[in-house]
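Here is a friendly briefing for anyone meeting this structure for the first time. Keep the sequence and the 3D view at hand while you read.

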Amino acid sequence: MISQEPDFVSVIVRDESTLDREVCDVASDTYSVRDGSIFVCVKGSRYDGHSFARDAVRSGAVALCVQNPIDDIQVPQVVSSNPRSFMGRLGAVLYGWPSKQLKMVGVTGTNGKTTTTYMIRSIFDKSGMKTGLLGTIFYCDGISFEYADRTTPEGSGIQMFLKRMRDNGCHACVMEASSHGLEQGRLEGCLFDGAVFTNLTPEHLDFHGSLDSYFHAKRKLFDCYMKDGWVGASNAYDTWGKRLLEEYGGNMNGYAVIGVNEPPIKGVWCGRVVSYGLDGMTLDVFDPQCQMFIDKLPVPLIGEYNAQNAMGAIALCASLGIDASSIRRGITSMPQVPGRLETYRFPNNVVAVIDYAHTPDGLEKVLTALKKVCAGKLWAVFGHGGERSREHRPKLGAVASSLADRVVITMDNPRSEDPEDIARQIESGMVKPKDGFAHWVIINRSEAIRFAMDNAAPGDLVAITGKGPERFLIFADRKEPFEDRLELITWGRERFGPLEWDV
């Protein structure tokens, strides 16, 4: 019953004859409204959905969810103190609470969410569970994939996807839980069986205000949205992850990556990297009793932080009762994650890697990981988004100049800012270069990528970071189609002809 859900206030019915209309879905934008929709009037930072209520009714909405009742509209109005969060529960009730019928896993943290969800989904699939996905890159309902427009959809969208997953025969759903989505109540109507906390580093502070507030938003996943008997996994080597382990120790296991000569830690899922190369790494995995759980596990990813992501996925899946054999098959056969150390090898022995890293911490992790496997010079091609964390720009310059041998500063999504200004701010943080270091500013991103690839020598590794799988460059007044991956493929075709991975 909707009247028993949090944030419910009342129902206004001005015309009894409007009550016999069938309701089919919940929508929060007029483009999604169809005959039988409930239209939710969300107050955003730029627009107030109440202003579009009449348009929604004309498009077929049979009811409204409002914060402020609207005069002269005859369809029923469900009044809520917070329509944005209430619509998730509205959708859950309408669709029969699909999250209660699926094994639900949420992944939250600053870095590693996407890779961890891909790992968990692959493990679930290999254990016989058909699994849907909601994340930064794609949404998958068990049959079809579509590009994501945000990491965590609005509550109405989440519930519709969960319904589709259930109806398509999915047994489970793996979902990235963003801090924005948690803070804004988009996960209302979701209940999770398990969750992973990856790490916390400064990001989105323009929205949250402080690192502590940012953490509290992430913690809402565990505070507000878990089923009875839930299990979790938290990074035991992360300061904020330790806090979660202290607060939820009865439900949650820690995980960590230990050194080659470091013994396993009692009570923690531990991974030890035993080999490492451009094709990935091999892990020995120990359970919380310090017993070998999986030996010599091939992980087809570069970077110690991906060992951490793998351990988060393993700890969570094992806690859910998935056997070691299924975990091995899932990790070993996982697909390449778009825009997450996405690797392309060319016939001239130059390797290009695309990664979403757009913060100083993220860039440092990527360049550090790549430096360990780079036989020649390490190139960094990156910029920074306009209207985003300006304090990151000189820090990005410092990180790149201290780790890379060649740096090409270029355009990211400039939005309303001048990309030349952004580039100068990045340059301002560059440290005194090492011998042989060189850097260039090439604002046009296509030209920047091509310059690096044209000038890289055999054995060099070119890291193209900041945008990952994004499909557009965003300006103040337009979005221009652009993908780092397609730029690389086009360059490769022109230089070498068809390539074996060119699909």
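**A first look**

Strand β15 (residues 280-286) and strand β16 (residues 292-299) pair in the antiparallel sense over five bridges. Helices (H or I, at least four residues) and strands (E, at least two) are DSSP runs, numbered from the N terminus, and two strands pair if DSSP finds at least two bridges between them. This is a predicted model, in which local features need pLDDT of at least 70 and side-chain atom pairs count only at pLDDT 80 or more, while totals for chains, interfaces and linings use all residues. Residues are numbered from 1 along each chain as its sequence is written, and side-chain values use heavy atoms, with hydrogens and water left out.

**The hairpin**

- Within this pair of strands, leucine 283 stands opposite leucine 297 in β16.
- The hairpin of β15 and β16 has five residues between the strands, and cysteine 290 takes a positive phi near 70° there.

**The six-stranded sheet**

- Strands of a sheet pair through backbone hydrogen bonds, either parallel or antiparallel.
- Here six strands form an open sheet with mixed pairing, in the order β17-β18-β22-β19-β20-β21.
- β17 and β21 (438-441) stand at the edges with a single partner strand each, so one side of each is left without a neighbour in the sheet.
- From one strand to the next, the twist averages 15°.
- Strands β18 (residues 351-355) and β22 (residues 461-465) run parallel and are joined by five bridges.
- Aspartate 355 has threonine 465 as its bridge partner in β22.
- Helix α14 (residues 445-455) lies across β18, β19 (378-382), β20 (406-409), β21 and β22, and runs at about 175° to β19. Axes are lines fitted to C-alpha atoms, for helices over the stretch in contact, and angles run from 0 to 180 degrees between N-to-C directions.

**The loop between β20 and α13**

- Threonine 410 lies in the loop between β20 and α13 (419-427).
- Threonine 410 is buried, with a relative accessible area of 2%. Buried means under 20% relative accessible area, exposed over 50%, and partly exposed in between (1.4 Å probe, protein chains only).
- Leaving out residues up to four places away in sequence, threonine 410 touches Val381, Phe382, Gly383, Ile442, Ile443, Asn444, Arg445 and Ala448; contact means heavy atoms within 4.5 Å.
- Threonine 410 and serine 80 are 330 residues apart in sequence and 46 Å apart in space, C-alpha to C-alpha.
- Arginine 415 is also found in the loop between β20 and α13. Its phi is near 50°, a positive value in a residue other than glycine, and arginine 415 is buried, with a relative accessible area of 18%.

- Methionine 160 is found in helix α4 (residues 155-167) and is partly exposed, with a relative accessible area of 22%.
- Methionine 160 touches Asp25 and Tyr95, not counting residues up to four places away in sequence.
- Between methionine 160 and alanine 27 there are 133 residues in sequence, C-alpha to C-alpha 9.6 Å in space.
- Aspartate 7 sits in the segment before β1 (8-12) and is partly exposed, with a relative accessible area of 30%.
- The phi of aspartate 7 is near 75°, a positive value in a residue other than glycine.

**Empty space**

- Rolling a probe the size of a water molecule over the atoms shows where empty space is left.
- On a 1 Å grid over the protein atoms alone, a cavity is a set of points where a 1.4 Å probe fits but cannot get out; a pocket is an open set with protein on both sides within 12 Å along at least five of seven lines, and lining residues have an atom within 4 Å of a point.
- Grid points are joined across faces, edges and corners, and a volume is the space filled by probe spheres set on the points.
- The second largest pocket has a volume of about 380 Å³. Of the 22 residues that line this pocket, the closest to its centre are Phe138, Gln336, Pro338, Glu342 and Arg485.
- α3 gives the largest share of the lining of the second largest pocket, four residues.
- A search of the whole structure finds one cavity of 30 Å³ or more. The largest cavity is lined by Ala357, His358, Leu363, Phe382, Gly383, Leu396, Thr465 and Gly466.
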